[in-house]
Every structure is written in structure tokens, then in C-alpha cells.
Amino acid sequence: MTDEELERLLDKLTLPQKVRLLTGATTWRTAAEPAAGLRELVMSDGPAGVRGEAWDERDPALLLPSASALGALWDEEFTERLGGLLAAEARRKGVDVVLAPTLNLHRTPLGGRHFECFAEDPELTGRTGAALIRGVQALGVAATAKHYVANDSETDRLTVDVRVGERALREVYLAPFEAAVEAGVRVVMAGYNGVGGHTMTASPLLTEPLKGEWGFDGVVLSDWGAVRSTAGPGAAGLDLAMPGPDGPWGEALVRAVKEGAVPEAAVDDKVRRLLRLADRAGALGGPRATAPPVRSRDARFLLRRAVAASTVLLHNRDVLPLDPDALGTVAVIGAHATRPRVQGGGSAGVFPSAVVTPLDGVRTWLRGRARVVHVPGPSPDAPPPPLDMDLCRDPRSGVPGVLLRVLDVSGAEIYAEHRQTGRQLEPLVVPAAHTVEISALLLPRTTGEWTFGIAGFGRLSLTVDENALVDGDFPRQTDDPAAVHVNPPAHHGRVHLAAGRTAHLVARRELAPGTGRATVVSAAPPDIGAEDSLAAAARAAGEADAAIVVVGTTEHDESEGHDRTGLALGGRQDDLVRAVADANPRTVVVVNSGGPVELPWHTRAGAVLLTWFPGQEAGAGLADVLFGRAEPGGRLPTTWPAALADAPVTRTRPHAGRLDYEEGLHIGYRAWLREHREPAYWFGHGFGYTTWCYEDVSVPAEAEAGAPFTVRVDVRNTGGRAGREVVQVYLARPASAWERPVRWLAGWAAVRAAPGETVTACVRVPARALRHWSPAERAWRTEPGRFLVLAGRSAGDLPLTAAVEVTAPG
Ligand code: BGC
């Protein structure tokens with residue numbers, strides 16, 4: 001549709017009609033407007049999969065590896081293909097706008113949504129994000145760059161006012177959004193937080209640089225519930241307040257326009273953008289674009305490849321890959337081997353139709369070749385996980401699962417359905433609904449003290465047989481939607497159960513207004529005693545030819561809505577690794593976390609693999625790496641501290657409402673370098689299954705400011721198998737009139753080579769890698785003179801150096 005046609009459409013609408021379009025019609029939809037031939041636009045989170053409008057296990061979605069895993073790919077082409085998978089899922093579910101990617105940065109390892117962000121480096125984040133956006137939008141689905149901007153931690157996220165210098169804002173935090181706009185992203189989400197004294201939904205940053213300098217012509221929508229006033233966001237660059245139908249705009253915005261507090265031209269600009277987005281989505285009269293469905297086998301294969309390609313091999317004492325034909329018995333140890341964390345907590349969550357666990361993956365590989373034994377080890381010491389459906393039967397039908405009932409005020413049943421989850425997150429739109437009840441017949445496999453929990457706000461009760469474990473009123477203390485609707489606090493009780501004797505569990509929550517949607521029932525079996533389980537694990541490892549021990553975080557550690565308080569693995573998991581590694585030198589430790597955890601035993605293990613939150617094909621991709629079908633392709637997208645105390649930037653708690661980004665430009669590896677601190681593993685680090693020698697680097701003698709140049713790096717595969725190497729190029733500027741990071745990532749290229757072969761990696765250094773933001777001139781500048789070019793395999797391992805003379809443009 002041409003601009004003139006858009007204007008004509010706009011002219012057909014009255015002020016109230018226009019304003020009505022600017023608040024969501026529902027939680028996930030925009031309003032339709034028959035006068036403009038406009039249908040609703042459907043939105044869905046993102047980024048780990050496309051959940052669709054329903055938060056319901058009966059409507060499953062493909063589950064991709066977490067964003068931190070995609071950051072570890074260093075592979076734009078592959079990331080783009082994964083974006084295509086999200087787009088196909090969006091089409092399948094009738095979704096027009098995917099609320100992904102998250103372009104905030106790994107500013108601190110404690111960030112609660114670390115797993116949902118790609119990297120600590122703005123260049124890696126920007127290029128990865130742009131690739132995902134291209135993949136999503138190729139099928140006509142809109143992607144969303146979120147959360148604009150400096151929403152890098154969760155503590156007090158609704159109110160925090162981030163203070164960040166103009167240079168750091170431009171060069172570090174805005175840079176990935178600029179890359180997203182260059183990639184043509186159609187939607188940007190304004191965060192809950194504030195920057196420089198302005199809440200982001202009313203921030204001047206929405207107009208400059210976003211809409212002005214960068215020329216973003218799409219829609220800025222609010223994070224869910226982030227618009228809290230009328231005139232400020234109305235006059236600013238915020239276009240669409242989500243969710244709806246209620247919100248601070250509507251009638252109040254119409255009044256504000258009539259009273260002159262908000263110019264009508266501002267409303268027109270918002271509506272114009274919305275119509276443009278709708279036009280691009282095929283929502284203005286045209287049929288919704290369709291895409292050929294992706295065959296489930298193809299999707300699963302791609303996701304399996306993504307797991308292997310993002311897995312980072314931190315260290316390997318010749319243990320990996322394991323030779324399946326040389327193994328008699330393999331011990332697979334750890335609670336995460338059968339209950340891996342495949343995704344982080346919060347709004348990004350989806351229900352995958354099936355998950356391949358690490359134990360499944362290893363068993364499938366070794367079927368008919370070697371014996372596999374599993375020992376769970378001590379529990380990871382979290383509050384109980386959501387109800388395990390394998391233990392539950394619906395009390396009414398007797399089939400596996402639970403019974404969900406809705407009761408009226410007298411306690412009479414008005415609705416009932418069979419479900420496969422103890423996590424109820426959808427609004428229950430049943431007239432006269434007063435209470436939701438989840439009940440199950442639970443068949444314990446172990447005798448002892450079981451722990452049960454119910455999470456939610458309002459009046460809650462939980463009984464097991466005749467025992468009342470929870471009974472009370474738990475008023476809502478937060479406005480954060482992630483806590484209210486997804487992850488409310490849980491209340492627990494314990495009861496003794498006997499193995500094989502069915503227990504009847506009944507959990508109830510009253511559905512009073514303002515108590516949110518979530519009701520979550522959880523259960524944990526008795527701990528058999530850490531010492532016994534450690535001994536059992538060590539015994540199994542000692543008797544096996546190789547041990548694979550899977551450890552990780554729990555759903556309470558890494559989630560939207562709160563930051564982490566430490567990086568230690570929960571419970572006795574560190575002791576478990578030590579016991580297993582001491583019992584068997586051929587121990588592979590698999591770390592299943594979305595972000596950094598402390599690995600105090602890392603040099604004792606035979607090999608250490610990081611799988612991130614690997615998504616639904618977790619075990620299949622892991623087994624490919626373990627048994628050498630695929631190399632571990634990942635390289636760290638974030639510097640990995642040995643201990644939290646070493647990390648240069650950890651503060652997430654605002655003081656008097658302000659969070660100062662005191663480190664300025666020096667984020668991630670730049671901070672470690674500046675402070676001469678040594679992490680456990682540098683940004684960029686990761687081994688494959690062969691070895692490489694960095695032989696030579698060449699750069700042009702001169703490069704003109706504002707133009708890209710190419711760095712050629714010769715690398716030789718010195719190992720015994722073909723492999724892929726991610727050749728990284730960093731810049732440094734030892735003598736500069738400007739404050740600079742010690743060095744910064746300028747580009748990378750992946751190469752493949754056969755054993756003995758030398759190949760040349762051509763790394764393009766974009767002009768932006770040389771520029772800096774000049775706050776005085778409010779402009780980008782490039783300082784002429786000598787830049788050092790460093791090439792190697794991580795921010796801490798750069799064996800080759802060259803220099804380029806940057807000249808002022810001729
Ligand atoms: C999150 C967003 C998400 C939105 C909708 C918010 O709480 O911060 O990332 O897209 O909810 O679920």
C-alpha cells in the first residue's frame with residue numbers, strides 16, 4: 001500500500017476510532033476496525049518458540065534453544081534458519097507478530113533473563129539479532145526488537161531508572177537495536193524500565209534516534225502493562241499500549257487530544273504506523289499470508305543440529321568424543337539427565353510436545369552397543385518442580401494427568417476438563433467461576449516425606465488425603481506481570497507417603513479479581529539423603545567405562561521477574577561432580593544452564609560441555625556431540641567467571657531507584673581486561689574436536705574512515721579430523737584521544753578445513769567498528785590513526801596482531 005493510500009485510510013477514521021486502535025483488544029490482539037478494512041493482529045512470545053495465544057499444553061510449540069545458545073552459534077546463516085522456524089510456527093498458529101528477539105545484553109551474570117539475551121557483546125548481539133529478524137520476517141511475520149533499551153536486569157524492573165552515559169548508550173546498548181532497524185525489524189518493544197529519568201514508554205529515545213535518525217517506520221509497542229499514564233506516552237513515540245482492552249489511553253487519550261495535551265498529529269502518526277504494520281502483515285483486506293508447514297521431522301532435525309552447534313566445549317582432556325564401540329557401560333548421572341531445564345522461566349515459556357532428555361539421547365545412541373545406567377544423585381535443592389505427570393492420574397477418568405475443575409461460590413462444579421499439567425496459566429472464562437481446582441491421584445514411587453506446593457495469589461488451599469498442607473490468603477504484593485500471571489510465589493507443605501499407595505491431591509485457588517491467572521501445583525519426592533546418593537553416583541561412575549554427569553540450574557534460579565543472587569549450582573551438585581570425576585577420569589560434565597554458573601571442579605573433570613537451555617531436542621543434540629557425530633560448535637557469547645566475586649559487574653539492585661552503569665563502555669570481557677582480571681573462560685572461547693594453528697594475519701595498510709575493510713587470517717587444521725573454527729577479530733587503539741575499551745570485537749568468520757589444510761578466514765570489519773560517539777557533537781566520529789587488529793579464538797587468546805592506518809575520508 002502506498003503512503004497516499006495509507007493517508008486515505010487514516011482520513012476515514014474519527015479520533016475515537018483512531019485512539020481505540022492504540023490499545024490492545026485483548027492480551028494478545030490489537031483491535032480490528034471495519035471502517036478501515038483492518039482485522040486484528042495476533043501477537044505471541046518469543047523468543048524460545050511461538051506459544052500462540054493460549055498458554056496451554058494442549059497447544060504445543062516447537063521449543064528452540066535459549067537465546068544464549070543462539071549467541072553461542074556465531075552463525076548468522078543458521079540463526080536465520082531458526083528464525084524461519086519461528087516464522088513457520090507463527091503462521092501455523094495464526095500469529096502476525098512474534099515478540100522476539102530480546103536484544104538486551106549480558107551486562108551481569110546475575111541477570112534473571114540472561115538466558116533470553118544473546119551475548120555480552122553488542123556486535124555479536126546485533127548480528128545475531130538481525131539474522132533472527134531476517135529469518136522471521138522472510139515469511140511476512142513481524143519480529144519485535146525488545147526491550148528498548150537498557151533493560152538488562154530484572155530487579156525493580158518496572159521502576160528502575162538506568163543511568164548510562166551517552167557514549168555507552170549509543171555504542172553498547174542501542175547498537176543491537178540499530179542493527180535490528182537496519183535489518184528491517186517491524187516492531188520495537190519499549191521496556192518497563194526508565195533511562196536517564198524517563199520511563200521508556202514515554203522516552204525521547206523513542207523518537208531520537210529510533211524513529212528519526214534510524215528511520216524506523218514500524219510500531220513501538222509497550223511491554224505488557226508498561227504504559228502507566230496517558231499524556232506522556234501519548235505525546236512520545238509510543239504507538240501501541242499492550243495488553244488491552246483496558247489501559248490508560250482509550251477515552252483518556254481522546255480527552256488529552258481535545259484538551260491539547262497530546263497533539264492529534266501524534267495520534268495520527270501512531271495509527272499510520274499501525275496501519276503500515278497491518279498492511280505488511282496482510283491484515284488490511286488481504287488474506288493472512290500462509291507458509292508451507294514445516295515437516296515435524298525436518299524441524300526436529302534442525303533443532304537437534306542447533307543443540308550441537310551451540311554446545312560449548314570448555315575443556316577436554318582427550319575424553320571426548322566418546323567411541324561408542326569402546327564402551328561397555330556408561331553411567332548417566334544427575335537429576336538433570338532425566339529432567340533437563342530446556343527453557344528459562346517467564347513469559348518466553350512454551351509447551352513443547354516432547355522433550356528428548358540427555359538420558360534418552362544417550363540410550364538411543366548406545367542401544368545395542370553399550371549398557372547405560374542412570375543414577376539421579378542428590379536433588380538440586382530447589383523448591384519442588386511442577387507436578388510430574390508420570391506420577392498422576394485424573395481422579396475421574398483414571399487416565400494419566402490431572403482433573404481441572406471450576407467451582408462456583410457454593411463449591412458446585414460448573415466446568416471440568418482433563419489436563420496434562422499442574423500449571424494453569426490461562427484465564428478461566430467460565431461465568432460465575434469462583435475457584436479453580438486441580439486434583440490428581442498420585443502414585444508415589446518412594447516412601448518418605450514428600451513436599452507439595454501451590455503457587456498463586458489470593459486464597460489457596462492444598463490437601464493431600466486428609467492433610468491440609470496449605471490453607472491461607474496470600475495477597476498480591478507485586479504488579480509485575482511475570483510474577484502475577486506466570487511465576488507467583490509458592491507455598492509448601494510436607495506429608496509422609498508410602499511407595500505404591502495412592503494419595504489424593506487437591507489444590508484450590510479462589511479467582512478473586514486482581515489475583516492474576518496462575519495456579520501452579522508442584523511436588524517433590526523425598527530426598528533419599530545426599531550422602532547415600534553421592535555414594536551411589538560415585539559407585540556407578542567407578543564401575544562404568546565413562547560417566548556423563550548432568551548438572552544445572554533450576555526453574556527458580558533463572559527466570560524473568562527476578563535476578564539471581566548467586567552463581568553456585570544448587571544443592572550438592574558440585575559435590576556430585578567431584579565424586580563422579582574422582583571415581584572415573586573419563587567423566588564428561590554437562591552443564592545445563594542459561595547463563596554462567598560457578599564450576600569449582602572444572603579442571604578436575606575429563607571434559608566440560610555447556611548446553612545452555614537447549615530446547616526440546618536437548619538429549620538428541622547432546623548425544624551427537626558426546627559420540628562425535630557432530631562437533632561441539634558453540635563459542636562463549638559471554639565471559640564465564642570462576643567465581644561470582646571475580647566478576648567486575650554484578651550490581652543489579654538500584655539505589656534510590658537508580659541503577660548506574662558505572663562501567664560505561666567496559667561491559668563483559670572489556671571489563672575483565674580493563675581490571676586485569678582472569679575469568680575461568682573468555683568470551684569467544686570454545687573447542688571443537690580438532691586443533692588449529694593461527695598462522696598469519698593480513699590487513700590493508702590503510703583504511704578510510706567510514707568504509708569497511710577485510711582482515712585475512714590463515715588458520716591450519718592441525719588435528720586429525722575436519723572441523724569448523726570461529727576466527728575472531730578484535731580492534732584496539734592504544735594511543736587515543738578517546739576513552740576506549742582495551743579491545744573490542746570487530747568481526748568474525750567461521751571456516752572449515754580438513755586435517756592438515758590451511759584456509760583463509762576473510763573477516764569483514766564494518767565501518768561502525770572504528771567509530772565512536774561524540775557526545776559533544778552528538779554524532780559518530782572516526783578517529784584517524786593507527787588501530788591494532790588482533791586475531792584469534794577468544795577475547796583472551798589472540799596470537800596474531802597487525803595494524804591498520806585509518807585515514808580521514810578523502
Ligand atoms: C515481558 C515481555 C513479553 C511480555 C508478554 C513481559 O512481561 O517482559 O518480554 O513479551 O511480557 O508476555
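## Nonpolar cores

In this predicted model, the largest nonpolar core holds 154 residues. Leu82, Tyr148, Val149, Val711 and Val713 touch the most other members. Domain 1 (301–376 + 531–660) and domain 3 (690–807) each supply at least three residues to this core. A second, separate core has 31 residues, including Val577, Val580, Val589 and Leu636. In soluble globular proteins, nonpolar side chains tend to be buried together.

Tyr148 deserves a look by itself. Leaving aside residues up to four places away in sequence, Tyr148 touches Leu174, Phe177, Val188, Met189, Ala190 and Gly191, among others. The list of its contacts also includes Met200, Leu205, Leu206, Pro209, Leu210 and Trp214.

## Ligand site

The ligand is surrounded by 13 residues. Asp45, Arg113, His147, Asp223 and Glu560 are the closest.

Taken alone, the ligand exposes 310 Å², and the protein buries 96% of that.

## Helix 7

Helix 7 spans residues 175–182. Six of its eight residues are buried, so the helix is largely enclosed by the rest of the structure. The buried residues are Pro176, Phe177, Glu178, Ala179, Ala180 and Val181. Phe177 is also one of the contacts of Tyr148.

The cover over these buried residues includes helix 5 (122–137), helix 6 (166–173) and helix 8 (207–211). Strand 3 (142–148), strand 33 (771–774) and strand 34 (779–782) also contribute. Gly184 follows helix 7, with a positive phi near 90°.

Technical notes:
Residues are numbered from 1 along each chain as its sequence is written. This is a predicted model: local features need pLDDT of at least 70, side-chain atom pairs count only at pLDDT 80 or more; totals for chains, interfaces and linings use all residues. Side-chain values use heavy atoms; hydrogens and water are left out. A nonpolar core is a set of buried Ala, Val, Leu, Ile, Met, Phe, Trp, Tyr and Cys residues joined through side-chain atoms within 4.5 Å. Buried means under 20% relative accessible area, exposed over 50%, partly exposed in between (1.4 Å probe, protein chains only). Domain bounds come from an automatic or database domain assignment. Contact means heavy atoms within 4.5 Å. A residue is near a molecule or strand if one of its heavy atoms lies within 4 Å of it. Accessible areas come from the Shrake-Rupley method with a 1.4 Å probe; for residues, only the protein chains shown count as cover. Helices (H or I, at least four residues) and strands (E, at least two) are DSSP runs, numbered from the N terminus.
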